[in-house]
Amino acid sequence: MSEQTIIMETAQLELTLKRLTHQLIENHHPFRDTCFIGIQPRGVAVSDFIIGYMRQLHPELLIDYGRLDITFYRDDVRNSIHLPSETFLPFPIEGRKVVLIDDVLYTGRTIRAAMDALLDNGRPSRVELCVVVDRLYSRQLPIHPDYVGRSIDSIVTQKVKLYWDKEPRVVLYDTL
Amino acid sequence: MQLGTRHLLGIRDLASADIETILDTAVSFKEVLQRPIKKVPSLRDVTIVNLFYENSTRTRISFEIAEKRLSADTVNFTASGSSVSKGETLLDTVNNILSMKVDMVVMRHSATGAPHFLARHVPATIINAGDGINEHPTQALLDAFSIREKLGGLEGRRVAIIGDIMHSRVAMSNIQLLKKMGAEVMVAGPPTLIPKHLAEAFGVRVEYDLKTALQWCDVANVLRIQLERQNQVLFSTLREYSLAYGINKRLLDSLGRQIHIMHPGPINRGVELDSDVADSGHSLILEQVENGVAVRMAVLYLLSGKS
C-alpha cells in the first residue's frame, strides 16, 4: 500500500483556483484577444471551474473556452496506445493569446505535446500556461508555467494527483 | 493494446467493444481532419505498404490519405506492373517487401483468405482491404460510423442491404458488424443473388421485393452488381435488374417517409441507383467517403502499438 498525504484540501483548492482566476482576469481582461484551453482529460475539470468562476464574475463578457486532446501528439504514443478524448475549439486561435490550463505540471512532456496540437489549429500570438500544481525540479524539457497554484518539492517515486469528485483535493503518494 | 486483435482481417474477429473503440476513435480523427493542419505525428516511425492485387479507387486512396495524415511512410504496390506477372508468389512478394523494414500491410486480394494466410506467415500487422467474396472490414466500419453519425446510434436501427449479396464482401462485413452492434438487418435482391442460408446463419431478414424493403428500413445500403465475380447467369439483363431493383426518386417519394441511401461505390448509375437519388439529399454516399479516411486512421492508429 502506498502512503498518501493530502497537500491541498477542498477549501484550499477552491481558494487557489479562485486566486488563479483573478490572476488570469488581471492579465487578460476583457478577453477580446485571449482564449482559454483546458488540456484533456484531467486539466478540463480545473479549467471548467476556473472559466465557470470567471464567467460568474464577468457575465457581461464573452469568454472563449475550449478543450484540447493531446493523445496523438504524445512522444510515447506507440508504446501503449491511448484512447483520445474530445477536442473542442469552436473559435480561431490565429494571432490571439492562448492560456493552456492543466492540473499538474511534471516532466513538461504533456505541455510539449499540447503546444504541437495547438499549433496545428493555428498560430497564436502568445501561449501561456496555468497549472494547479507545479512539481519543481522534475522538468525534462525547458517548460515553465506562468500561473501556479502551488509549487511542491517531490521525488521521482512520488505521484501527485488531483481528484475532482465530491471532495476535490490534491494528493501526494509515495509509491516506494 | 486497445483492440483484442493484432490484425484487422475481418469483422468476424472483432468484439463489439473493439468496434465501439474504433468508431469512437474515428470521431477524434474526423475532428483532426477539420483542422487547418490535417495531420498528426502519431505514426511517423511506421512504414506501411498498400498491397493491391485488385483494382480500387476509393479504398486505396482513402488508406493512403489516412496513412499520410498519421505521418506514416507509405509504399504503394499494385499487382499489374510488378513481378507478380513474372510468377512470384504472394508470400515471396510480401517477404521481400518486409525485408525493407515495413511494419504494416494493407492488402486487397481477389482470393478469399489471402490476408489471413499472410497474417499466419509474416510478422507485420495485416489490414484487410477486401479479400474475394469474404470481407471488407473497413468499409463496414465506415458505413457503421456514417449511420451512427446520422441516426445517433446503431442499436435497433433498421438497415437494408440491397443488391448482389452473394458476391459482396461489403455485405458480409456489414451484416456481421450490424448484428454485433444490435441493429436489425434485412437483405434484399433477386433470389439468385442471395445465398440460401443467410437468414439462419446470421439472423437477417430476407426480402425479394424492393419497395417492401425500402418501406421497412431507416437506411438502405445499395450494392453494385459484381459482374466480374459472376461466372453463371443469375439474372437476364442489367436492364431487367434495374427495372425490378433500381432505386429512383419516384420510388423514394412513394414511400411517404425519409430514408437514407448509402452505396460503397463505384456506382453504376441507372442500374442500382438513379442519378436523382445518388446526388440527392437522401444520399450519404460522399459522407461515407469522407468518413472512410477518419475510420481508417482510427484502425491504423489502434493497431500500431508496440506492445
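Accessible areas here come from the Shrake-Rupley method with a 1.4 Å probe. The structure on screen is a predicted model, and the tour below moves from the whole chains to single residues.

**Chain B as a whole**

Begin by selecting chain B and showing its surface. The accessible surface of this chain comes to about 12,600 Å², and carbon and sulfur atoms account for 51% of it. Switching to a cartoon brings up 12 helices and 9 strands. The C-alpha trace of chain B spans about 55 × 45 × 35 Å along its principal axes. For 307 residues, a compact globule would have a radius of gyration near 19 Å, and the 19 Å of chain B agrees with that expectation. Of the 307 residues in chain B, 58% are buried. Among contacts between residues at least 6 apart in sequence, 75% join residues at least 24 apart in chain B.

**Helix α3 of chain B**

Next, select residues 90-98 of chain B, which form helix α3. Which side chains of this helix are buried? They are B:L90, B:T93, B:V94, B:I97 and B:L98. These residues lie on the same side of α3(B), because they cover an arc of only 130° around the axis.

**Two backbone features in chain B**

Move to B:S71, in the loop between α2 (58-69) and β2 of chain B. Its phi is near 70°, a positive value in a residue other than glycine. Most residues other than glycine have a negative phi, and most peptide bonds are trans. B:S71 is buried, at a relative accessible area of 18%, where the cut-off for buried is under 20%.

Then centre on B:G265 and B:P266, which are joined by a cis peptide bond with omega of about -5°. The proline, B:P266, sits in the loop between β9 (260-262) and α11 (275-278) of chain B.

**Chain A as a whole**

Now hide chain B and select chain A. Its secondary structure comes to 3 helices and 8 strands, arranged along the sequence as β-α-β-α-β-β-α-β-β-β-β. Colouring by confidence shows an average pLDDT of 95 for chain A, with 99% of the residues scoring at least 70. Strand β1 (residues 3-8) of chain A has the lowest confidence in the chain, a mean of 92, while strand β2 (residues 34-39) of chain A has the highest, at 98.

The C-alpha trace of chain A spans about 50 × 40 × 30 Å along its principal axes. Its radius of gyration is 16 Å, in agreement with the value near 16 Å that a compact globule of 176 residues would have. Buried residues make up 51% of the 176 in chain A. The chain exposes about 8,900 Å², of which carbon and sulfur atoms supply 50%. Of the contacts in chain A between residues at least 6 apart in sequence, 68% join residues at least 24 apart.

**The cis proline and its surroundings in chain A**

Select A:Q40 and A:P41. A cis peptide bond joins these two residues, with omega of about -10°. A:P41 belongs to the loop between β2 and α2 (43-57) of chain A.

A:E86 is found in the loop between β3 (64-68) and β4 (97-105) of chain A. Which residues does A:E86 touch, not counting those up to four places away in sequence? They are A:Q40, A:R67 and A:D69. A:E86 is partly exposed, with a relative accessible area of 43%.

**An exposed tyrosine**

Continue to A:Y137, in the loop between β5 (126-136) and β6 (147-153) of chain A. A:Y137 has a positive phi of about 60° although it is not a glycine. At 76% relative accessibility, A:Y137 counts as exposed.

**Cysteines**

Finally, display the cysteine sulfur atoms. How many disulfides are there over all chains? The count is 0. A:C35 is in no disulfide, and the nearest cysteine sulfur, that of A:C130, is 14 Å away, whereas a disulfide requires sulfur atoms within 2.5 Å. A:C35 is buried, with a relative accessible area of 0%. A:C130 is likewise in no disulfide, and counts as buried at 1% relative accessibility.

Terms used. Residues are numbered from 1 along each chain as its sequence is written. Chains are lettered from A and ligands numbered from 1 in the order in which they are written. This is a predicted model: local features need pLDDT of at least 70, side-chain atom pairs count only at pLDDT 80 or more; totals for chains, interfaces and linings use all residues. Side-chain values use heavy atoms; hydrogens and water are left out. Buried means under 20% relative accessible area, exposed over 50%, partly exposed in between (1.4 Å probe, protein chains only). Helices (H or I, at least four residues) and strands (E, at least two) are DSSP runs, numbered from the N terminus. The arc is that of the directions from the helix axis to the C-beta atoms. pLDDT is the predictor's confidence in each residue, from 0 to 100. The radius of gyration is taken over C-alpha atoms; the globule rule is 2.2 Å times the number of residues to the power 0.38. Contact means heavy atoms within 4.5 Å.
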